[in-house]
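Hi,

Here is the structure I promised to pass on. Have a look at it first, and then read my notes below.

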Amino acid sequence: MEQPAMEDADLVRATLEGCQESFQTLVERYQSRMFSLVRGYTRSAVEVEDIVQDTFLKAYSRLASFQHQSSFSTWLYRIGVNTVLDFLKRRGRSPVQAVEDPELVGGTEPSGPGGSRFCAPDADLERREIARVTQEVLEHLPEIFRTVLVLREFEGLPYQEIADTLGISIGTVESRLFRARAKFRDKLLALHPEFGEG
Amino acid sequence: MDDHVTLRCAEARPLVPLFVDGELSGALSAPLRRHLMACTACRAVAAEEKALKRWFAREPEPVPAGFAARVARRAFAGDTGSRDAASAPEPAAPVPAPAEAVPEDGVLQFVLRITAVAAVLLFVLAIGIRTTSLPGDGGLRADDAQERSLDEVLEELKRLNRTAADEADAGTTDPAADPRTGRPAAERERAAQGARGR
């Protein structure tokens, strides 16, 4: 009879008691998500692996301080986001920083009728090409916009979990997502006008 | 209740991203859905939000084989990941403490160590120079003087008196001898004649 999967809290407890297999199980459970998260920041496969490994090593070293006030995944995402940003800064590749806090400056309204409209990728466009274009546009976005887009669009995190991960309010998540999507659209059309219409 | 709620465009537009993200409460979803069915402009906005999401579709990131086992092994061996001086790891009690993070700036640490060693050497040298520069005491030592008790002094005095008395009894002393110097009288006379003859 198949044993039910252990809850994250039980695996954390077992890890703290010295069980290496429990920690390995935790890594296996979240490694895909961490790889996907970090992939939103860099195209280098070597860097992605280094950063994800760093994330889990940091998580292990701080495991005793995990208070279970948030879910383990939220806690891990927080470490992952901080690790990838630190990694990029150390390599001299700081993510684009907004000159002004975009939340203090007026937001960008989405294109309405009569303006340049935004199109979905063509059905014939290969997923690999879509990913390449998306990555290119993301690299031009300020870090706070890229982060919320990655967490929402790639990781599928609900607004509340994004808020918990980044330590911001749900209202701020909504606001940043609104502006991030507008900037993504504008930058995509600026870099690739062929994806607009009208 | 939601059957009676009617939204205007200005009220509906801000709700569209939340609706597309599945974050809108049931109480507002129904009225918004009705509005979108009736309003071409707002329906176009919703369509654009959905089109944007297709740019974020991505294949799951491949994870290198054996990644989880490798990370767990390194974690339990004490590896804390990249140098992160800002967050000191605090492992649980039964887990061996991980090695301290090595500072990234090895040159600075090397210079600091050399400076510390040089400071110690200078201190020792200064002590040595000071010690050898002090004037010598010529071998004289105040503590060489043997302190004698009163009884010892009186005993010595008696011995000297007995010696003088014994010499007087044996005639070995001239009663006319100068009491100050003990010089015999005959010797004194010869010295005086010698002085007159010159």
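Let me start with a question: does A:Arg43 count as buried, partly exposed or exposed? At 42% relative accessibility, A:Arg43 counts as partly exposed. For these words, buried means under 20% relative accessible area, exposed means over 50%, and partly exposed is in between (1.4 Å probe, protein chains only).

Before going on, some ground rules. This is a predicted model, where local features need pLDDT of at least 70 and side-chain atom pairs count only at pLDDT 80 or more, while totals for chains, interfaces and linings use all residues. Residues are numbered from 1 along each chain as its sequence is written, chains are lettered from A and ligands numbered from 1 in the order in which they are written, and side-chain values use heavy atoms, with hydrogens and water left out.

**Salt bridges**

A salt bridge here is a side-chain nitrogen of Lys or Arg within 4 Å of a carboxyl oxygen of Asp or Glu.

A:Arg43 has one with A:Glu139, with the closest N and O atoms 3.2 Å apart. A:Glu139 sits in the loop between helix 5 and helix 6 of chain A, and A:Arg43 in the loop between helix 2 and helix 3 of chain A, so this pair ties together parts that are 96 residues apart in sequence. (Helices are DSSP runs of H or I, at least four residues, and strands are runs of E, at least two, numbered from the N terminus.) A:Glu139 is partly exposed too, at 30%.

A:Arg13 and A:Asp10 also form a salt bridge (2.8 Å, N to O). These two are three residues apart in helix 1 of chain A, which means about one helical turn separates them.

Now for a pair between the chains: A:Arg181 and B:Asp21, with the closest N and O atoms 2.7 Å apart. A:Arg181 lies in helix 8 of chain A and B:Asp21 in the loop between helix 2 (16–20) and helix 3 (26–38) of chain B, so the pair joins two chains. Both A:Arg181 and B:Asp21 are buried. They also belong to a salt-bridge network with A:Arg152, A:Glu153, B:Glu23 and B:Lys53.

**Where the chains meet**

Counting contact as heavy atoms within 4.5 Å, 54 residues from chain A and 45 residues from chain B take part. Together the chains bury about 4800 Å², 60% of it on carbon and sulfur atoms. Buried area is the accessible area (1.4 Å probe) that two parts lose on being put together, summed over both. On chain A's side, A:Leu57, A:Tyr60 and A:Arg127 supply 13% of the area buried against chain B, more than any other three residues.

What about the inside? The largest nonpolar core has 74 residues, and A:Phe23, A:Phe56, A:Phe72 and A:Phe184 touch the most other members. Such a core is a set of buried Ala, Val, Leu, Ile, Met, Phe, Trp, Tyr and Cys residues joined through side-chain atoms within 4.5 Å. Leaving out residues up to four places away in sequence, A:Phe72 touches several residues, including A:Leu26, A:Tyr30 and A:Phe66.

Chain B has eight helices and zero strands. Of its 198 residues, 22% are buried.

Cheers
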